[in-house]
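Colleague: I have a model open here and would like to go through it with you. Could we take the chains in turn and then the contact between them?

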Amino acid sequence: MAADRDIGAPPLVVQGLSHAFGERQALREVSFELNRGDRAMLLGLNGAGKTTLFSLITRLYNHRSGSIRIFGWEIKQKPSEALARLGVVFQLPTLDPDLTVAQNLYYHAALHGLPRREAAVRIKREIERVGLTDRIGEKARTLSGGQRRRVEIARALIHRPKMLLLDEATVGLDIASRQFLLDHVRMLCREEGLAVLWATHLIDEVDSDARVIVLHRGRVLAEGPVPDVIRRKNAASIREAFDKLTGERSE
Amino acid sequence: MRPVHYYRCMQGIVWREGLRFLNQRGRFVAALVRPLVWLVIFAAGFRFVLGVSIIPPYQTYIPYEEYIAPGLIGMIQLFQAMQSTLSMVWDREMGSMRTLLVSPLPRWYLLVSKMVATVAVAVLQSYVFLGIAYFWGVQPPPIGYLTVFPALILSGMMLSALGLFISSAIRQLENFAGVMNFVIFPMFFASSALYPLWTVREANQKLYYICMVNPFTHAVELIRFALYEQFNGLACAVVVGALIVFMALAILGYDPGRGLIVRRGGGPE
């Protein structure tokens with residue numbers, strides 16, 4: 001039954017989602033959908049509501065109006081089913097610096113109920129894929145920012161999620177590390193059919209074969225494949241389209 | 001999620017807590033040095049000032065060191081619980097708590113697992129302390145080392161649940177100093193850890209009542225009686241009751257629909 005849902009239902013459906021912190025309205029009637037293999041860039045300036053949206057999708061706190069369905073499971077009603085299908089890379093570094101890379105990954109595997117033997121196989125594979133096999137026994141604090149991000153991506157995939165959320169994952173990284181992450185995530189979408197929602201305020205990260213969701217002051221202003229959004233705004237580039245949509249200059 | 005997933009999750013959280021504890025050797029040493037300083041220096045200085053008459057569970061006059069040993073075990077557990085509180089607040093500030101909170105198991109279960117992890121470390125520390133204290137003349141009956149085990153678990157759980165609740169209520173790491181002043185010190189000193197409550201009653205009746213409603217007093221008494229193969233029903237009831245209340249408050253504090261994180265938002269944008 002759960003497997004049927006994974007095949008049939010879209011990875012993510014957000015409908016009429018609104019959220020406020022006291023008087024401050026963070027999200028207003030946000031709606032969009034993600035399909036298998038989609039790589040959607042959630043583009044917005046700082047303060048647009050991206051992190052709030054991610055916090056609601058990952059149920060760090062509950063939404064009060066609208067709905068969030070992950071493979072058909074409403075996150076508020078069936079959090080375990082929904083969260084088991086999600087891999088998340090947060091904006092802030094979340095590795096435990098006092099533990100080794102392997103220990104961090106085993107901890108994550110345990111939080112998802114994986115047996116240690118199976119976790120060992122998966123950890124070996126994921127850490128190989130991000131090119132850090134030689135650092136697996138070292139403390140996380142000894143890694144560079146880019147290497148930590150790679151480990152966090154490997155960690156997010158240990159429990160074999162069907163959808164990956166990345167919140168400003170390239171902030172503070174050098175060009176080579178950014179490119180590695182972009183290429184790695186592209187590969188995951190193409191070869192494994194992973195749906196990816198990537199929040200960013202860096203317009204350079206939005207390439208032409210991705211989908212884009214433009215979020216501004218808590219509202220979705222445009223959504224669709226990048227070429228469509230550019231065409232609809234009679235713009236020459238996604239940067240120009242974004243500037244026209246928001247009336248502000250992008251980074 | 002099947003029961004085995006729950007088991008592996010708890011095992012993982014306990015394992016991580018243990019690793020962190022072992023990795024931070026300074027923390028291990030500090031956790032032992034603090035009560036040993038009290039036992040070796042404070043007790044030596046005060047043994048002739050603070051007289052201990054024959055009170056249950058003791059059947060004869062005892063040296064002051066023997067009297068304060070259960071209180072110092074309570075101190076170990078209290079500091080371990082607050083250490084865990086501090087690391088929860090730190091993890092929340094730094095963002096690493098999100099890894100825990102987005103795991104698919106229910107949040108109440110994650111908190112219970114965190115509590116078990118804290119208790120496991122605290123019990124280990126308590127036994128190491130008892131081992132060292134043996135050579136300083138604190139020698140309860142051999143069976144006492146076994147009968148104290150459930151008391152250590154129960155009191156550790158209660159104090160850890162208190163720590164979880166506090167961590168859900170503290171807004172910033174800077175506020176932790178307030179916890180030291182308003183929670184740890186009053187709890188420790190307004191209890192039977194360092195002096196029998198009859199001495200407090202003689203000095204100040206109101207303070208005696210404060211000591212009597214302090215759950216830490218009952219945690220210490222539970223440990224004290226268990227260490228001498230006796231059961232203190234009142235202490236046990238208060239500790240269990242406080243455990244239920246603190247845990248319920250902690251679960252409410254971390255509830256995705258009600259807790260502090262909901263009111264103040266999820267982090268930087």
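Predicted model: local features only at pLDDT ≥ 70, side-chain atom pairs only at ≥ 80, totals over all residues.

Colleague: How many helices and strands does chain A have?

Modeller: Chain A has 9 helices and 10 strands.

Colleague: And what are the spans of chain A along its principal axes?

Modeller: The C-alpha trace of chain A spans about 50 × 40 × 35 Å along those axes. The radius of gyration of chain A is 18 Å, which agrees with the value near 18 Å that a compact globule of 251 residues would have.

Colleague: What percentage of chain A counts as buried?

Modeller: For chain A, 48% of the 251 residues count as buried. Of the contacts in chain A with a separation of 6 or more, 69% are between residues 24 or more positions apart.

Colleague: Now chain B. How many helices and strands are there in chain B?

Modeller: Chain B has 12 helices and 0 strands.

Colleague: What about spans and burial in chain B?

Modeller: The C-alpha trace of chain B spans about 60 × 40 × 35 Å along its principal axes. Buried residues make up 45% of the 269 residues in chain B. Residues 24 or more positions apart account for 79% of the chain B contacts with a separation of 6 or more.

Colleague: How does helix 4 of chain A cross helix 1 of chain B?

Modeller: Their axes come within 7 Å and cross at roughly 150 degrees. Because angles over 145 degrees count as roughly antiparallel, helix 4 of chain A is roughly antiparallel to helix 1 of chain B. The crossing of these two helices is left-handed.

Colleague: Which residues meet there?

Modeller: From helix 4 of chain A, Gln103(A), Tyr107(A), Ala110(A) and Leu111(A) meet Arg8(B), Cys9(B), Gln11(B), Gly12(B), Arg16(B) and Leu19(B) of helix 1 of chain B. The residues of this contact divide into 5 nonpolar, 3 polar and 2 charged.

Colleague: Back to helix 2 of chain A: how many of its residues are buried?

Modeller: Helix 2 of chain A is mostly covered, with 8 of its 8 residues buried. Among them are Lys50(A), Leu53(A) and Phe54(A). Just after helix 2 of chain A, Arg59(A) takes a positive phi of about 60 degrees.

Colleague: And within chain B, how does helix 1 pack on helix 5?

Modeller: Helix 1 (residues 3-23) and helix 5 (residues 107-134) of chain B pack at an angle of about 40 degrees, with their axes 9 Å apart. That angle makes helix 1 of chain B oblique to helix 5 of chain B. Their crossing is right-handed. The contact includes Met10(B), Ile13(B) and Glu17(B) of helix 1 of chain B, and Tyr109(B), Lys114(B) and Val121(B) of helix 5 of chain B. Its residues divide into 11 nonpolar, 3 polar and 2 charged.

Colleague: At what angle do helix 3 and helix 7 of chain B pack?

Modeller: Helix 3 (residues 64-94) and helix 7 (residues 176-189) of chain B pack at about 160 degrees, with their axes 11 Å apart. That makes helix 3 of chain B roughly antiparallel to helix 7 of chain B. The crossing of helix 3 and helix 7 of chain B is right-handed. The residues of their contact divide into 10 nonpolar, 1 polar and no charged.

Methods. Residues numbered from 1 in each chain as written. Chains lettered and ligands numbered in written order. Axes fitted to C-alpha atoms, helices over the stretch in contact; angles between N-to-C directions. Helix = DSSP H or I, 4+ residues; strand = E, 2+ residues; numbered from the N terminus. Parallel < 35°, antiparallel > 145°, perpendicular 65-115°, else oblique. Left-handed = near helix turned anticlockwise from the far one by under 90°. Nonpolar A, V, L, I, M, F, W, Y, C, P; charged D, E, K, R; others polar. Buried ≥ 20, exposed ≤ 12 C-beta atoms within 10 Å, placed from the backbone. Contact = placed C-beta atoms within 7 Å. Rg over C-alpha atoms; globule rule 2.2 N^0.38 Å.
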